[in-house]
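User: I am new to this structure and would like to know what stands behind the terms used for it. Please show it to me first.

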Amino acid sequence: MRYAMAVDTKKCVGCSDCVVACQTENNVPIGYCREWVVEVMSGTYPQLEIEIRSERCNHCENSPCVRCCPTGASHYSNGGIVLVKPDKCIGCGACIASCPYDARYPHPGGYVDKCTFCIHRILDGMQPACVAVCPTKCMYFGDLDDPASDVSVILKKRKYKTLIPEAGTKPHLYFLI
Amino acid sequence: MNEELIVSGRSNPFIDPSLNIWHWQIPLYLFLGGLAAGILFFASLYTILGREEQCPTAVRKAPLVVPVLLVLGLFALFLDLKHKPYFWQLYTTIKLQSPMSWGAWVLMAVTPLSFIWAALNIKEIFPSWDWKFSWLINFEKICRKNILPLSWMIIVLSVILGVYTGILFSAFNARPLWNTSILGPLFLTSGLSTGAAAILLISKSSAERKLFAKIDVLLICIELFLIVHMFMGFLASTQVQIDAAELFLGGPYTAPFWVFVVALGLVVPLILEILELKKIHVPAVVPAILVLFGGIMLRFIIAFAGQSSRWLY
């Protein structure tokens, strides 16, 4: 099982509903966020192009954060989801420095926190909060090993990219382009 | 035009607008750890070579400060942790892919050994020191008898300690400035050089001072070579590493790096030490203090500049 997510940059309008849903669902402390929306404007007026991406932890297959964690607090959980065990984390910050996507932050409780792909919802057979709440239905989630899953089907149909593939992290967050 | 903005307003503390997770504690520890490694290396080296009498400062006096340096360094590391009550989790696993993990274990081994070495030489400062308990006196006897195996253990651990301070950074592929394997040898050389400088600073024997001035000249030359080599590597690498090198070649860290690290920390003490060896009298404290200053600046600048270097997308 390999969980992955795909975000359609052509459908995303950048409303930030996913960001708020994540904060509410996961009780993210005020002033922090586990996910965010990036807007890239390119070209010269009037030939401008905009790309909107809802970003979060890439749940990399070759995660630098898991590799450099000195205590094993950062680990691969079910389906390759990268999680942090708060009571093993010493808050040294190595994983934060190791993430090319800047997806982790120190929780005010001292341990490091990040996107969990809403593993508690997945285990209950639901979609991650960001996916479930998206008003344009631009996000797809599922198991890459299951050819019938939402994410496998859409990745077969559409062109896609990942962020900084040259960093060698094998990210599991895909952007449809 | 290519403008990239986080439009949902992310401002995670320590991450935004750019990474600033590590502050003064980490570079200070790296300096103290490197310095301790340098002093321990020379102390054990000259014991193994059987030249304790020619190098009394390196073997007996200078190592007395090592436990202090290591304890201060470890305390700085502890201050850096954000989940302090859980620090002991470091010693529940050994993870070879994580330099921080095996570095913590090396510190666990080298710190008690440095205390033993200092205890064996305590009479250098307190000539009338008495261990009082018979088991302590016996323990001292056992250590003195096995001084050679002890020295071999310390010399190996001190090299690992010195190299690890650089490897810690070079393991982070996400920060292109740190992601160079030169950093391990560079920090090791700098640690040995600061160790030699500390011995120069304390030593009262002119023969020993001459020896360590020679060693320091060699180490400074190696360090300069490694720095040039590092920049050659960056400039011949990918765009992100070219950008990382630009931080020092016109970017915000240009003046501090070339003035404090290269000029004041390496080139000036190199010239002064060569003058001293050519019998032109220079007060030995000047090059020694400059080398120590350069060592601390190197760690601070690499630690801070590295956090501002990143992959762009």
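User: Which residue is the bridge partner of A:Val40 in β1(B)?

Analyst: The bridge partner of A:Val40 there is B:Glu4. This is a predicted model, in which local features need pLDDT of at least 70, side-chain atom pairs count only at pLDDT 80 or more, and totals for chains, interfaces and linings use all residues. Residues are numbered from 1 along each chain as its sequence is written, while chains are lettered from A and ligands numbered from 1 in the order in which they are written.

User: What makes strand β2 of chain A and β1(B) a pair?

Analyst: Two strands pair if DSSP finds at least two bridges between them. Strand β2 (residues 36-44) of chain A is joined to β1(B) by 5 bridges, and the two run antiparallel. Strands here are DSSP runs of E with at least two residues, helices are runs of H or I with at least four, and both are numbered from the N terminus.

User: How many residues of chain B are in contact with chain A, and what counts as contact?

Analyst: Contact requires that the C-beta atoms of two residues, placed from the backbone, lie within 7 Å. By that test 40 residues of chain B are in contact with 44 residues of chain A. β1 (2-6) and α4 (99-120) of chain B are the elements that give two or more residues to this side of chain B. β1(B) gives the most, with 5 residues. The side divides into 21 nonpolar, 13 polar and 6 charged residues; Ala, Val, Leu, Ile, Met, Phe, Trp, Tyr, Cys and Pro count as nonpolar, Asp, Glu, Lys and Arg as charged, and the others, Gly among them, as polar.

User: Why is chain A called as compact as a globular protein of its length?

Analyst: The globule rule is 2.2 Å times the number of residues to the power 0.38, and the radius of gyration is taken over C-alpha atoms. For 177 residues the rule gives 16 Å, and the radius of gyration of chain A is close to that, at 16 Å, so the chain is as compact as a globular protein of that length. Chain A has 6 helices and 10 strands.

User: What is the phi of A:Cys118 and of A:Lys170?

Analyst: Most residues other than glycine have a negative phi. A:Cys118 is not a glycine, yet its phi is positive, about 50°. A:Lys170, not a glycine either, also has a positive phi of about 50°. A:Cys118 is in the loop between β7 (112-113) and α4 (119-123) of chain A, and A:Lys170 in the loop between β9 (160-161) and β10 (173-176) of chain A.

User: How do you know that the buried residues of α9(B) line one face of the helix?

Analyst: The buried residues of helix α9 (residues 239-246) of chain B are B:Val240, B:Ala244 and B:Ala245. Seen down the helix axis, they fall within an arc of 140°, so they line one face. That arc is taken over the directions from the helix axis to the C-beta atoms. What covers these residues includes α8 (206-235) of chain B.

Note on methods:
Buried ≥ 20, exposed ≤ 12 C-beta atoms within 10 Å, placed from the backbone.
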